[in-house]
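Let's take a look at how side chains meet one another in a protein model. Have the sequence and the 3D view open as you read.

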Amino acid sequence: MNDEIRLYRKRIIPEECLLLDEDHILYADREIIITKWHTIRPKKTLHHGYSCYFMERGYKVSKFYDHENNLISWYCDIIEYEYREKENSYIFTDLLVDVIVYPDGFVRVVDLDELADAARDHQITEE
């Protein structure tokens with residue numbers, strides 16, 4: 001259970017589902033998948049990172065690094081997933097609200113506006 005797995009990132013806002021074909025799977029079992037990756041869309045600071053999907057717990061924790069390999073932050077996504085056995089693939093849906101933890105310990109909760117918009121527009125349910 002490793003590189004033959006296909007991972008997808010599904011977003012509600014903006015609506016998209018991307019194959020993470022450039023992510024390298026470092027470890028995988030039925031409860032955890034660990035990957036290393038480079039940004040899909042180049043950014044000024046964010047260059048690469050590592051992610052750990054805690055599937056049964058419903059979250060993903062990523063370490064973000066800049067171009068010089070300095071830690072930017074830990075980025076925590078609330079997720080749900082669907083496993084498709086036939087394709088041996090996981091579709092991870094980002095459930096909008098994220099928590100960012102900076103190296104100095106400062107914590108930010110972000111994307112609450114997207115959560116409110118998605119609820120208002122019936123893109124998500126209360127559950």
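Which side chain meets E16 in a salt bridge? It's R11, with N and O 3.5 Å apart.

## What you're looking at

This is a predicted model, where local features need pLDDT of at least 70 and side-chain atom pairs count only at pLDDT 80 or more, while totals for chains, interfaces and linings use all residues. Residues are numbered from 1 along each chain as its sequence is written, and side-chain values use heavy atoms, with hydrogens and water left out.

## Salt bridges

Side chains of opposite charge can pair when their charged atoms come close. A salt bridge here is a side-chain nitrogen of Lys or Arg within 4 Å of a carboxyl oxygen of Asp or Glu. Searching the whole structure turns up seven of them.

Back to the opening pair. E16 has a relative accessible area of 16%, so it is buried (under 20%; exposed is over 50%, and partly exposed is in between, using a 1.4 Å probe and protein chains only). R11, at 23%, counts as partly exposed.

Now find R120, which is exposed at 53% relative accessible area. R120 forms a salt bridge with D117, where the closest N and O atoms are 3.2 Å apart. Both residues lie in helix α1 (residues 112-120), three residues apart, about one turn of the helix. Helices are DSSP runs of H or I with at least four residues, strands are runs of E with at least two, and both are numbered from the N terminus. D117 is partly exposed, at 30%.

R120 also forms a salt bridge with D121, and there the closest N and O atoms are 2.9 Å apart. D121 is partly exposed too, with 40% relative accessibility. Elsewhere, salt bridges that share partners join R9, R11, E16 and R41 into one network.

## Aromatic rings

Rings of Phe, Tyr and Trp (its six-membered ring) make a pair if their centres lie within 6.5 Å; planes under 30 degrees apart are stacked, over 60 edge-to-face, and the rest tilted. The structure holds 10 such pairs. Take Y81 and Y90: their ring centres are 5.8 Å apart and their planes sit at 45 degrees, so this pair is tilted. Y81 is partly exposed at 30% relative accessible area, whereas Y90 is buried at 5%.

How are the rings of Y81 and F92 arranged? Their centres are 6.1 Å apart with planes at 40 degrees, so they make a tilted pair. Y81 lies in strand β7 (residues 71-84) and F92 in strand β8 (residues 89-101), so the pair ties together parts that are 11 residues apart in sequence. Ring pairs link Y53, Y81, Y83, Y90 and F92 into a cluster.

## A nonpolar patch

On the surface, L26, Y27 and Y50 form a nonpolar patch with about 280 Å² of accessible area together. Patches are made of residues with over 30% relative accessible area and no salt bridge; like charges are joined within 9 Å, and nonpolar side chains (Val, Leu, Ile, Met, Phe, Trp, Tyr) within 5 Å. The areas come from the Shrake-Rupley method with a 1.4 Å probe, and for residues only the protein chains shown count as cover. Y27 sits in strand β3 (residues 24-28) and is partly exposed, at 41%.
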